[in-house]
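Work through the exercises below with the sequence and the 3D structure open. Try each task before reading its solution.

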Amino acid sequence: MQFHHYGYVSGDPRVQPAAGVGIDRPDELPPEVDVLIVGTGPAGMITAAQLAQFPDVVTRIVERRSGRLAIGQADGIQARSVETFQAFGFANRIIEEAYQITEMAFWKPDPADPSTIVRAALAPDDPTGISEFPHLIVNQARVLDYFAESMADAPTRMKPDYGYEFTALAVAPGDVGAEYPVTVTLTRTSGPDEGATRTVRAKYVVGSDGARSAVRASIGAATSGDKAFHAWGVMDVLAVTDFPDIRTKCAIQSGSGGSILLIPREGGYLFRMYVDLGEVPENDHGHVRSTTIDQIVEHANAILAPYTLDVRDVAWHSVYEVGHRVTDRFDDVPTESVGTRTPRVFITGDACHTHSAKAGQGMNVSMQDGFNIGWKLGHVLSGRAPESLLATYTAERQVIAQNLIDFDREWSSMMAKRPEEFESPSELEDFYVKTAEFPAGFMTQYTQSMIVGSDDHQHLASGFPVGKRFKSSAVLRVCDGVPMELGHHHRADGRWRVYAFADAPEPGADSQVAALAEWLATAPESPVVAYTPDGADADEFFDVKVIYQVPHTDVALGAVPAIFLPRVGPFQLIDYEKVYAADAGTDIFEERGIDRGGAVVIVRPDQYVAGVLPLDATAELAAFFARNTLRRKAAGTTDSSTTTDPRTGAMA
């Protein structure tokens, strides 16, 4: 964590100075906003937390509840989400309070006595070490609390506006109401003016209002999919049991049919059970949802035999039928009109895709929806990017949602099978291990677009696949020899990352990385020069780092090019935390397949690799950013001719 660059900080360094719209932010919901987010679920809150980092963007998030969520239904946090939490600054704190999943036990009918169950296998949760972060279990409400804290500590001082229910919206056609074309009607659900309605005009609206999304309905988007006609009872309980793996994630199949997915919860005592309630007749008309908690516990005891479950307290329970649905589009532009106008309304999370809870994907995929649209709206509204960037949201996230539905359909089907229906005794655990990368959140790979380059040079950094998330690796910080995870400096601050993996053994040599540094610092077409606004810090839009191949003791900071040692803040202090060396124990060049001749790796604000280029491919680097970034003369304006000195921020 870096601070003091704007002066001495004696308080909590996580609290950023208020700036822009965060200075004297009004408590009352204003009549006009840049972005109105509907719903404070995971997708809505991460969108708000990301936009809170853009001081000149007026964002408000409304919620029909009168206050924070007390008990959340989702609890599984995949490693990709924890990487995301790191970007928002709370990964380590939430890890401390969460339950960590390291393995999964598979219980099946005892071959000697099928009326009882035995442990048949114990599989590692992350067999390949896909992430340095663990798989967690923690209450959704706590995730929302952390995002709320991130929002409140951000420059815009954002906080939810509780007690507002979305009623309707209308998007003005053509140039009518061009500045604030979306009119939203809200109804007060609490407070002295409960029942009153009011309107808010917005430039953009993000609907994060759940599976029964009113925002989705208002833009005429349709869901399609199927219903599996299979019911599950889910309960968070405190209980006494003789089942030996009660603190281990388990898939339990009984000889009598029926199964349980057991998820230990945070705190050491609480656990969740998804209890198989069996097939549901087509003419059930929702009757299965009236299943009582006592009946769910009775089913659980039958499946666990010979073990018993004595439930002492029920924190929460529900009954649901598995359904798999995805929305035909994730914004308000009809399919036949794509490319003809700018999207103004977007939907995220359960408003876009619904599925079972057993794969632990709902909250995780929803947060990536919000991260994706959040930085894009921030860039467009702050003048960094053209409006065409917003069309990439549906293009990228709809494919991911469909992949999720397909995976969850297969996993849910397998969990509902009777033991004798499997082709082999180990089919369930084999599937779990084989597909581990998908539920962990690491199979997402965006295709080539205005923000994802080609893979023509992928061989230069094979461990950073273009379109997939940037997989961190250990390095040493040169200035002090401190071991670091390179990806942990990638904060959710809206900046692009440009990583220069050096070709030369040491700085100061006649090398391609030195030539790249000179180009980045001085060339008019350099993204740093072309797009950094007047008066801004040299690294305000582009976080440029260098990683040398030699031990950190062989890197002379005095010989490192100035672009990698930018001057920041009102005192123009030198930032020393952009110069790294390969760790002797974990050589990032070896671990990530980086060519010894060097490479440039471009990473998007949401941590996905956007391109891999040779160090001398400056024309390609300039062309990439020319597709997705606007030239800016000063904050809030654009200009096609002014350049800046990246070391001082002064006009060149």
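**Exercise 1: a strand and its hairpin**

Task: Decide whether strand S15 is enclosed or open to the outside, and find its partner strand.

Solution. The model is a predicted one. Step 2: strand S14 (residues 259-264) is joined to S15 by 5 bridges, and the two run antiparallel. One of the bridge pairs is Pro264 with Phe271 of S15. Step 3: S14 and S15 form a hairpin with 6 residues between them. In the turn, Gly267 has a positive phi of about 100 degrees.

**Exercise 2: two residues compared with a cut-off**

Task: Classify Thr327 and Asp537 as buried or exposed, then list what each one touches.

Solution. Step 1: the cut-off for buried is under 20% relative accessible area. Thr327 has 1% relative accessibility and therefore counts as buried. Asp537, at 14%, also counts as buried. Step 2: Thr327 is in strand S16 (residues 309-327), while Asp537 is in the loop between helix H11 (527-531) and strand S22 (542-548). Step 3: leaving aside neighbours within four places in sequence, the contacts of Thr327 include Arg216, Thr223, Ile347 and Gln398. With residues up to four places away not counted, Asp537 touches Tyr6, Thr532, Arg567, Val568, Gly569 and Gln572. Step 4: Asp537 and Met1 are 536 residues apart in sequence and 18 Å apart in space, C-alpha to C-alpha.

**Exercise 3: nonpolar cores**

Task: Find which residues have the most contacts inside the largest nonpolar core.

Solution. Step 1: this core has 114 residues, and Phe147 and Phe564 have the most contacts inside it. Step 2: helix H7 (residues 362-381) gives the largest share of the core, 8 residues. Step 3: a second, separate core of 26 residues includes Leu277, Ile293, Ile296 and Val319. As background, nonpolar side chains tend to be buried together in soluble globular proteins.

How values were computed: Residues are numbered from 1 along each chain as its sequence is written. This is a predicted model: local features need pLDDT of at least 70, side-chain atom pairs count only at pLDDT 80 or more; totals for chains, interfaces and linings use all residues. Side-chain values use heavy atoms; hydrogens and water are left out. Helices (H or I, at least four residues) and strands (E, at least two) are DSSP runs, numbered from the N terminus. Buried means under 20% relative accessible area, exposed over 50%, partly exposed in between (1.4 Å probe, protein chains only). Contact means heavy atoms within 4.5 Å. Two strands pair if DSSP finds at least two bridges between them. A nonpolar core is a set of buried Ala, Val, Leu, Ile, Met, Phe, Trp, Tyr and Cys residues joined through side-chain atoms within 4.5 Å.
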